[in-house]
Amino acid sequence: MRYKSDLTDAEWALIEPDFRPRSGRGCWRKHAIRTVINAILYVVKGGVEWRMMPNDFPPWQTVYDHFSKWNKRGIWEACLDRLVAYRREQVGRAAKPSYGILDAQSVKTLYASEERGIDGGKKVKGHKRHIVVDILGNLLFVMVHAANLSDTKSACEVLERTVDKWPSLKAFSADAGYGGTAVTYCTETLDKPLHISKKIKDGWAVLPKRWVVERTFSWLGHFRRLSLSKDVEILTATSENMIRIAMLKITLAKCV
């Protein structure tokens, strides 16, 4: 049976090299890697528990074992980064981005989640999802941390790690909540400008560049595992990889 979240043949052809075994050694595989990935995408898209996957997928223990193994090896991140470069070249841009747009989203968590805090401004106790996207909305970097960390301070680490990963970046953009410490750090330490988008008039208005990252958050909202009602992941690293997996599916759809 096919599900809406399943990879098409064209999508699988684009990412299959990233999931090949490192060597020809090892045991014979009972379940195809593509089927395992489809099961993971089903969980992320549908927001179900691992144990509640349909019976036509491999056993949930097998699926989760692969998910965890690929998390630790950084496979999801490496695959998404390669796909981002591919997509940028597809639309006639340089493979490596030169401009990043930053924003964060606070979300409630389970009581057992690590790095849990209260966002006083939004009255949310849980995690804060920090993302940096390029001008097309492709995900360049994601970091999940306690919601009580202020945007302007936590952005310093986010920006530094983004620059380490994408040295081609020349400037960033963010909203007014990142003024002050983040701007100073980005300018003086990273030697890159951080442009702050401000309201251009009273009331509602589309802010230049900022709408791009807001649109990416909207895309992610279509994946129920990333629901704003609650982040069910215990580990922040798992939360980050859930976001990468969702963006992998989103970016694949654009590429084909």
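**Exercise 1.** Is Arg 88 buried or exposed? Determine also which residue forms a salt bridge with Arg 88.

*Solution.* The structure is a predicted model.
Step 1. Arg 88 has a relative accessible area of 5%. Buried means under 20%, so Arg 88 is buried.
Step 2. The salt-bridge partner of Arg 88 is Asp 134, with the closest N and O atoms 3.0 Å apart.
Step 3. Arg 88 belongs to helix H4 (residues 75-90), whereas Asp 134 lies in the loop between strand E3 (124-133) and strand E4 (139-146); the pair therefore ties together parts that are 46 residues apart in sequence.
Step 4. Asp 134 also counts as buried, at 0% relative accessibility.

**Exercise 2.** Identify the salt bridge that joins Glu 11 to another side chain, and locate both residues.

*Solution.* Step 1. The side chain of Glu 11 meets that of Lys 249 in a salt bridge (2.9 Å, N to O).
Step 1. Glu 11 lies in helix H1 (residues 9-15) and Lys 249 in helix H8, so parts that are 238 residues apart in sequence are tied together. Helix H8 comprises residues 236-255.
Step 2. Glu 11 is buried, with a relative accessible area of 5%; Lys 249 is buried as well, at 12%.
Step 3. Other residues that Lys 249 touches include Ser 5, Leu 41 and Phe 223.

Note on methods: Residues are numbered from 1 along each chain as its sequence is written. This is a predicted model: local features need pLDDT of at least 70, side-chain atom pairs count only at pLDDT 80 or more; totals for chains, interfaces and linings use all residues. Side-chain values use heavy atoms; hydrogens and water are left out. Helices (H or I, at least four residues) and strands (E, at least two) are DSSP runs, numbered from the N terminus. Contact means heavy atoms within 4.5 Å. A salt bridge is a side-chain nitrogen of Lys or Arg within 4 Å of a carboxyl oxygen of Asp or Glu. Buried means under 20% relative accessible area, exposed over 50%, partly exposed in between (1.4 Å probe, protein chains only). Lists of a residue's contacts leave out its neighbours within four places in sequence.
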